[in-house]
Amino acid sequence: MVSTAPGAHDKGIKIEFQDTGEGISAENAKKIFNPFFTTKDHGSGLGLSIVKGIIESHQGHIAIDSNVGRGARVSIMLPEIEP
């Protein structure tokens with residue numbers, strides 16, 4: 001599921017992605033944005049690290065909330081851009 005909402009004080013935007021997959025353990029959640037961290041057999045482990053860098057370069061924030069066996073929710077907050 002993907003949802004959007006106004007950011008804090010109706011400024012910017014909040015985007016959330018939620019799934020009902022296997023979830024992320026608390027131990028892995030601490031490392032998930034580290035470059036080259038992966039729990040998969042294939043892939044470089046760079047995806048979320050790059051995404052975080054892009055979001056933060058736009059003065060945004062990304063967070064992941066997860067429970068093993070119950071899925072994960074990724075929240076992205078992007079500020080309002082002044083013209």
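Two strands count as paired if DSSP finds at least two bridges between them. Strands (E, at least two residues) and helices (H or I, at least four) are DSSP runs, numbered from the N terminus.

This is a predicted model, in which local features need pLDDT of at least 70 and side-chain atom pairs count only at pLDDT 80 or more, while totals for chains, interfaces and linings use all residues. Residues are numbered from 1 along each chain as its sequence is written, and side-chain values use heavy atoms, with hydrogens and water left out.

**How confident is the model?**

The predictor's confidence in each residue is its pLDDT, from 0 to 100. The chain averages 93, and 100% of the residues score at least 70. Confidence is lowest in helix α1 (residues 26-29), with a mean of 92, and highest in α2, at 97.

**The sheet**

Let's start with the strands. Four of them make an open sheet in the order β1-β2-β4-β3, with antiparallel pairing. Because β1 and β3 (61-67) stand at the edges with a single partner strand each, one side of each is left without a neighbour in the sheet. Ignoring direction, neighbouring strands are turned by 15° against each other on average. Angles like these run from 0 to 180 degrees between N-to-C directions, with axes fitted to C-alpha atoms, for helices over the stretch in contact.

Helix α2 packs on this sheet and touches β3 and β4; the direction of α2 makes about 140° with that of β3. Contact here means heavy atoms within 4.5 Å.

Two of the pairings can be set side by side:

| Strands | Sense | Bridges |
|---|---|---|
| β1 (residues 2-6) and β2 | antiparallel | 5 bridges |
| β2 and β4 | antiparallel | 6 bridges |

β1 and β2 form a hairpin with 6 residues between them, and H9 in the turn has a positive phi of about 55°. Across this pair, P6 stands opposite I13 and A5 opposite K14. On the β4 side, F17 has V74 as its bridge partner.

**The largest pocket**

A pocket is an open set of points on a 1 Å grid over the protein atoms alone, where a 1.4 Å probe fits, with protein on both sides within 12 Å along at least five of seven lines; lining residues have an atom within 4 Å of a point. The largest one is lined by 22 residues, and I24, I32, T39, K40 and L48 lie nearest its centre. The elements giving two or more residues to this lining are β2 (13-18), α2 (47-57) and β4 (71-78). The largest share, 3 residues, comes from β4.
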